[in-house]
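Visitor: Please take a close look at one part of this model for me. I would like the salt bridges, and what surrounds them.

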Amino acid sequence: MKNIKLIIPVLLVLFSACSEATRNTTTSKSDSIPQSTSNKTDSLEVKLKINGNVATGDSLLLRFVVHNNTDSTKSFCIWHTPFEPLMSSYLSITNEKGEEAQYKGAMAKRVMPPPASSYTKVNPGDSLVANADLLKAYDLKKGSSYKAVYTGGNMSGLVSRDTVTFIYTDLH
């Protein structure tokens with residue numbers, strides 16, 4: 001019985017040490033991704049636009065524009081952007097009461113770091129445009145006004161300072 005009392009604390013210490021080592025390893029890998037991504041995208045400008053008031057049955061299109069204002073080619077990860085099919089929640093959409101709209105789309109599990117095939121390039125002075133129908137991925141209530149902010153920059157490396165607003169109306 002005395003041996004069990006000594007073995008259990010030793011095992012707990014060993015397991016917690018292994019767990020901490022795993023967390024530190026994971027953290028260091030994920031910390032290195034934003035550094036390399038931010039170096040690639042520090043000159044890319046992101047603009048958001050939504051087609052204003054949207055009636056029931058219409059599409060709620062988000063227009064996502066990435067513009068390269070530099071004289072060199074830049075790249076960014078397409079994950080958590082409209083440049084890939086809806087695979088994750090990359091927007092924070094809140095109504096006039098501050099309640100967040102629930103994401104109802106697919107949630108992809110990702111291999112880190114992102115493979116080279118998940119990056120796309122933007123030529124100097126050029127723009128890339130992608131559209132996404134937000135009604136396919138977010139649970140929006142009719143008769144409410146909303147604001148949307150891009151939150152996927154931790155994965156893509158892109159930053160948008162835009163907040164777009166729209167009203168989801170009952171009228172058609």
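Guide: A salt bridge here is a side-chain nitrogen of Lys or Arg within 4 Å of a carboxyl oxygen of Asp or Glu. Side chains of opposite charge can pair when their charged atoms come close. The model is predicted. By that rule the count is four salt bridges.

Take Lys141 and Asp139. Their closest N and O atoms are 2.9 Å apart, and the two form a salt bridge. Lys141 has 46% relative accessibility and counts as partly exposed. Asp139 is also partly exposed, at 34%.

Within it, Lys47 bridges to Glu45, with the closest N and O atoms 3.6 Å apart. Lys47 is partly exposed, with 41% relative accessibility. Glu45 is partly exposed as well, at 31%.

Now Glu84 and Arg110. Their side chains meet in a salt bridge of 2.5 Å, N to O. Glu84 sits in the loop between strand 4 (74-77) and strand 5 (91-95), while Arg110 sits in the loop between strand 6 (102-103) and strand 7 (119-122), so the pair ties together parts 26 residues apart in sequence. Glu84 is buried, because its relative accessible area of 11% falls under the 20% cut-off. Arg110 counts as partly exposed, at 23%.

Back to Glu45, this time for its sheet setting. Glu45 stands opposite His67 in strand 3. Strand 3 (residues 61-68) runs antiparallel to strand 1, and seven bridges join the two. Strands of a sheet pair through backbone hydrogen bonds, either parallel or antiparallel. The sheet is open, with three strands in the order 1-3-8 and antiparallel pairing. Its edge strands are strand 1 (44-50) and strand 8 (127-133), each pairing on one side only. Neighbouring strands in this sheet are turned by 15 degrees against each other on average, direction ignored.

One more lysine deserves a stop. Lys147 lies in strand 10 (residues 144-150). Lys147 is partly exposed, with 42% relative accessibility. Beyond its neighbours within four places in sequence, Lys147 contacts Ser92, Ile93 and Thr94, along with Thr163, Val164 and Thr165. Phe166 is 19 residues from Lys147 in sequence, yet their C-alpha atoms are 6.5 Å apart in space.

How values were computed
Residues are numbered from 1 along each chain as its sequence is written. This is a predicted model: local features need pLDDT of at least 70, side-chain atom pairs count only at pLDDT 80 or more; totals for chains, interfaces and linings use all residues. Side-chain values use heavy atoms; hydrogens and water are left out. Helices (H or I, at least four residues) and strands (E, at least two) are DSSP runs, numbered from the N terminus. Buried means under 20% relative accessible area, exposed over 50%, partly exposed in between (1.4 Å probe, protein chains only). Contact means heavy atoms within 4.5 Å. Two strands pair if DSSP finds at least two bridges between them. Axes are lines fitted to C-alpha atoms, for helices over the stretch in contact, and angles run from 0 to 180 degrees between N-to-C directions.
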